[in-house]
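Me: I have a model open and want to learn to read it feature by feature. Can you take me through it?

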Amino acid sequence: MQGVDEFSRWATEFEAKKVARAATGDPEWSRGADLDPAVARSVQRFQVGESGDGANLIAKAEAAGDPLYSAAVRLFVAEEINHARMLELLLNAGAWQTIRAHWSDTVFVRLRRALGLRLELMVLMVAEVVALRYYRALRDGTDDALTTQVAGLILNDEMRHVPLHCHRLRVAFAKTSPAARLVPVLLWWIVLIGATVVVAADHGPALRRLGVSRTGFVLDVIALFKVIVPTAVVPGALPITESGSVPLRAALGLLKH
């Protein structure tokens, strides 16, 4: 019942956020955005990554047989689609267009779709943790007010996405022994480090303009991941929640930008 109660709470929180977002409305796109070319090209790539329809993840969530979890996943996917929409409008406000595809997103999506729900969530969590660091840098490292606002809105959503996936992974790992968790967690770390290095290399020029070095970006993502992994795989570990995500917020707060 505890897992069911948690997913019911997440669905409720996502719905509340949806209502609040509708009441607040969009940023004022008409004021325009002053996007550095390197930053704009970086945002284009992240926009592609946010733009999927999530159908594969939704289908796997429904197959898991928990309607409350499925409802939460649908609301999560809707927020990701909204992120893609806002990033597109931000680019347009700066006189930039979106791009149709990027090789890194293509590889990532194909990897996720080839896996079951638990492994897909583990791969997805890698992207979510990288996104936490990226949108923090985008929010704090630019002088453009519209970019800061959009990045802040997305970052706030990502702070809720990570705990949701952690809760589902805790359910998935609940019946496995410490020994059985060792290999998947080790592989998880390898994927995380590899993906982070690729992102740091690919987005290096933008990160420099946002005040973050490639090495600093990688080390910061690793530091965030250290906070998150125990909450997802260790039974009895203190969960990260929307109302009490102190460890995650504290870790983000220690980052330079």
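Reply: Start with how elements are named. Helices and strands are DSSP runs, numbered from the N terminus, and a helix has at least four residues. Ala-95 lies in the loop between α4 and α5 (103–113). Keep in mind that this is a predicted model.

Me: Let me step back to the whole chain. How many helices and strands does the protein chain have?

Reply: Eleven helices and zero strands. Read from the N terminus, the order of elements is therefore α-α-α-α-α-α-α-α-α-α-α.

Me: What share of the 257 residues counts as buried?

Reply: In the protein chain, 47% of the 257 residues do. For the surface, look at area: the chain exposes about 11,700 Å².

Me: Which share of contacts joins residues at least 24 apart?

Reply: Take the contacts in the protein chain between residues at least 6 apart in sequence. Of these, 83% join residues at least 24 apart.

Me: Which residues does Leu-138 contact, leaving aside its neighbours within four places in sequence?

Reply: Val-39, Val-43, Thr-147, Ala-151 and Leu-210.

Me: How do I read a helix pair? At what angle do α7 and α10 pack?

Reply: Look at the angle and the distance between axes. Helix α7 (residues 145–173) packs against helix α10 (residues 214–233) at about 40 degrees, and their axes are 6 Å apart. That angle is why α7 is oblique to α10. From α7, the contact uses Val-162, Cys-166, Leu-169, Arg-170 and Phe-173. From α10 come Ile-228, Pro-230, Thr-231, Ala-232 and Val-233. By class, that contact has eight nonpolar, one polar and one charged residues.

Me: Is Val-233 buried or exposed?

Reply: Val-233, in helix α10, has 6% relative accessibility and so counts as buried. The cut-off for buried is under 20%. Beyond residues up to four places away in sequence, Val-233 touches Phe-173, Arg-181, Val-185 and Trp-188. Also compare sequence with space: Val-233 and Leu-182 are 51 residues apart in sequence, and their C-alpha atoms are 9.8 Å apart.

Me: Which residues are in contact with His-83, leaving aside its neighbours within four places in sequence?

Reply: Glu-50, Ile-154, Asp-157, Glu-158 and His-161. His-83 is found in helix α4 (residues 67–93). His-83 counts as buried because its relative accessibility is 0%.

Me: Where is Ser-70 placed?

Reply: In helix α4. Ser-70 has 9% relative accessibility, so Ser-70 counts as buried. Apart from neighbours within four places in sequence, Ser-70 is in contact with Ala-61 and Glu-62.

Note on methods: Residues are numbered from 1 along each chain as its sequence is written. This is a predicted model: local features need pLDDT of at least 70, side-chain atom pairs count only at pLDDT 80 or more; totals for chains, interfaces and linings use all residues. Side-chain values use heavy atoms; hydrogens and water are left out. Axes are lines fitted to C-alpha atoms, for helices over the stretch in contact, and angles run from 0 to 180 degrees between N-to-C directions. Helices (H or I, at least four residues) and strands (E, at least two) are DSSP runs, numbered from the N terminus. Angles under 35 degrees count as roughly parallel, over 145 as roughly antiparallel, 65 to 115 as roughly perpendicular and the rest as oblique. Contact means heavy atoms within 4.5 Å. Ala, Val, Leu, Ile, Met, Phe, Trp, Tyr, Cys and Pro count as nonpolar, Asp, Glu, Lys and Arg as charged, and the others, Gly among them, as polar. Buried means under 20% relative accessible area, exposed over 50%, partly exposed in between (1.4 Å probe, protein chains only). Accessible areas come from the Shrake-Rupley method with a 1.4 Å probe; for residues, only the protein chains shown count as cover.
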